[in-house]
Amino acid sequence: MESIDIGIIGLSVMGSNLALNMADHGFSVAGYDFESSFTTQFITDKPHSGVQGFYDLQEFLHSLTKPRRVFLMIKAGKPVDTVIEQILPFLSDGDIIMDGGNSFFKDTQRRFTYLSEKGIHYFGIGVSGGEKGARSGPALMPGGNIDIYENIRPVFEAIAAKIEGQPCCFFIGSDGAGHYVKMVHNGIEYADMQLISEAYRLLKYIGGYTDLEISKIFCQWNQGELNSYLVGITADILAECDADGTPLVERIVDCAGQKGTGRWTSIEALKQGVDVSIITTACNVRVLSNLMIDRSKAAELIGHPIREHCADTNFVEQVRRSLYTAKIVAYAQGFSLYRSASIHYGWHLDFCKIAAIFRGGCIIRAQFLNRIMTAYERHPELSNLLFDEFFYGKINENQASLRDIICLAVQNGVAVPAFSSALQYVDGYCGGTIGANLIQAQRDYFGAHTYQRVDKEGSFHHEWKEHYKK
Ligand SMILES: NC(=O)C1=CN([C@@H]2O[C@H](COP(=O)(O)OP(=O)(O)OC[C@H]3O[C@@H](n4cnc5c(N)ncnc54)[C@H](OP(=O)(O)O)[C@@H]3O)[C@@H](O)[C@H]2O)C=CC1
Ligand SMILES: O=C(CO)[C@H](O)[C@H](O)COP(=O)(O)O
């Protein structure tokens with residue numbers, strides 16, 4: 001025994017496919033799942049000479065070469081703590097536990113410290129790419145102790161997606177940095193999906209296009225600057241029909257779940273004082289989508305404009321430009337949060353490398369990540385992507401389309417909260433004053449919170465006539 005390179009606990013969608021990917025790259029893999037039928041299914045449905053299934057936890061851990069490398073690919077949250085406690089008695093000094101699930105980064109920081117004190121090394125590894133990515137090349141975001149990273153680097157670089165020959169995997173930073181980067185990746189994923197969904201609804205309800213026609217439009221868009229995994233799969237999805245020929249998407253309930261990473265991004269951004277309004281909007285839409293009964297009640301009570309198919313010949317192009325522009329803003333917001341977190345947590349995040357690894361394997365892979373890389377290569381300290389010449393150039397080029405499309409949507413009662421949020425961000429950022437002078441005055445009026453002046457340094461309080469009159 002003691003000869004297997006790496007052990008994976010959790011043989012569901014992700015764990016089983018990552019195990020096969022590792023085995024394809026010449027690593028011997030031990031697989032274990034607390035549900036024995038998963039192990040049986042794993043070794044019978046997907047047999048591989050490099051993979052061995054185990055039914056006994058102790059045997060599984062004893063099969064691993066020391067220092068042991070144990071990769072957890074299980075449900076995030078309490079199960080990770082439970083499994084860590086279950087395996088700890090069988091581990092020795094210097095062994096390595098890696099958590100590849102979507103764990104909250106603060107849990108990863110806590111586990112990192114807890115296990116370090118016990119002589120166990122801990123890595124939080126962001127994994128993106130879903131089932132297919134796990135099998136043939138995900139994007140990987142490892143965070144932990146850089147001195148130990150060399151011990152696991154060969155495995156992860158081997159199995160990661162490759163772009164221009166480079167693995168979509170690099171050491172992100174200490175303790176929870178890898179999971180943080182994955183969390184915001186998912187936040188951006190929520191925003192991107194919501195924007196695409198709004199573009200679809202515009203094309204459908206204002207453009208009057210059928211699902212199949214919209215699939216072709218997305219297919220066309222995927223050939224240009226919007227080229228991305230999510231635009232590509234949207235084209236596929238819209239072309240898919242149910243048994244009777246009805247577009248399948250029409251048969252799917254208008255209600256979407258969330259496991260938490262988008263919401264965490266939004267909460268974290270509020271704590272950091274960073275505006276990620278498009279991500280927050282996308283979370284809110286998922287929340288609203290779940291209020292099915294309330295939504296139908298509201299639809300009966302509150303009148304709605306009659307929708308017209310009022311698109312002109314330029315309409316599709318205007319929606320495309322709007323989607324591209326709003327997408328730029330969403331990524332700019334996500335990367336602003338990286339910047340703030342990098343300073344706050346002392347992670348020294350490399351934004352260019354983060355954009356680079358997102359180009360392959362992951363759900364938000366997109367051609368325009370090359371533009372983000374270029375922007376950070378040009379200006380590593382860029383405080384907001386919108387200050388890069390390519391991106392502000394695109395906003396200048398396309399903002400008229402975004403405004404026109406939002407007006408059309410508002411007039412027709414087609415909700416486009418993420419498109420609107422993108423424009424509000426741009427207008428708030430670039431439109432001169434945003435009304436905070438009046439807010440300062442109000443705070444000083446009711447709470448004597450003081451205000452700052454444009455013509456003098458310092459803090460001032462005013463004896464507001466009406467407030468202080470006897
Ligand atoms: N699916 C995806 O596209 C992606 C998922 N992830 C993350 O990867 C992780 C695994 O995802 P996925 O493969 O989809 O599977 P699930 O998120 O459905 O989790 C199922 C796995 O977690 C294990 N598990 C659940 N509860 C416990 C527990 N209390 N103790 C021990 N094990 C437990 C299950 O084991 P058992 O059979 O014993 O119940 C099973 O192996 C999750 O954290 C997920 O968020 C990351 C990227 C993409
Ligand atoms: O991490 C992922 C993709 O990158 C997972 O698919 C995740 O489950 C997506 O988040 P949610 O379930 O909240 O939509």
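The structure is a predicted model, in which local features need pLDDT of at least 70 and side-chain atom pairs count only at pLDDT 80 or more, while totals for chains, interfaces and linings use all residues. Residues are numbered from 1 along each chain as its sequence is written, with chains lettered from A and ligands numbered from 1 in the order in which they are written.

The protein chain also contains domain 3 (443–468), the bounds coming from an automatic or database domain assignment. The centres of domain 2 and domain 3, taken over C-alpha atoms, are 40 Å apart.

Ligand 2 lies between domain 1 and domain 2, because both give residues to its shell. Among the surrounding residues are Asn 102, Ser 128, Asn 186, Glu 189 and Lys 259, each counted if its C-beta atom, placed from the backbone, lies within 6 Å of the ligand. Helix H9 (177–205) and helix H12 (261–272) each contribute at least two shell residues; helices are DSSP runs (H or I, at least four residues) numbered from the N terminus.

Thr 265 is located in helix H12. Thr 265 counts as buried because it has 29 C-beta neighbours inside 10 Å, the threshold being 20 or more. The C-alpha atoms of Thr 265 and Phe 104 are 9.8 Å apart, although 161 residues separate them along the chain.

Key. A residue is buried if 20 or more other C-beta atoms lie within 10 Å of its own, exposed if 12 or fewer, and partly exposed in between; C-beta atoms are placed from the backbone.
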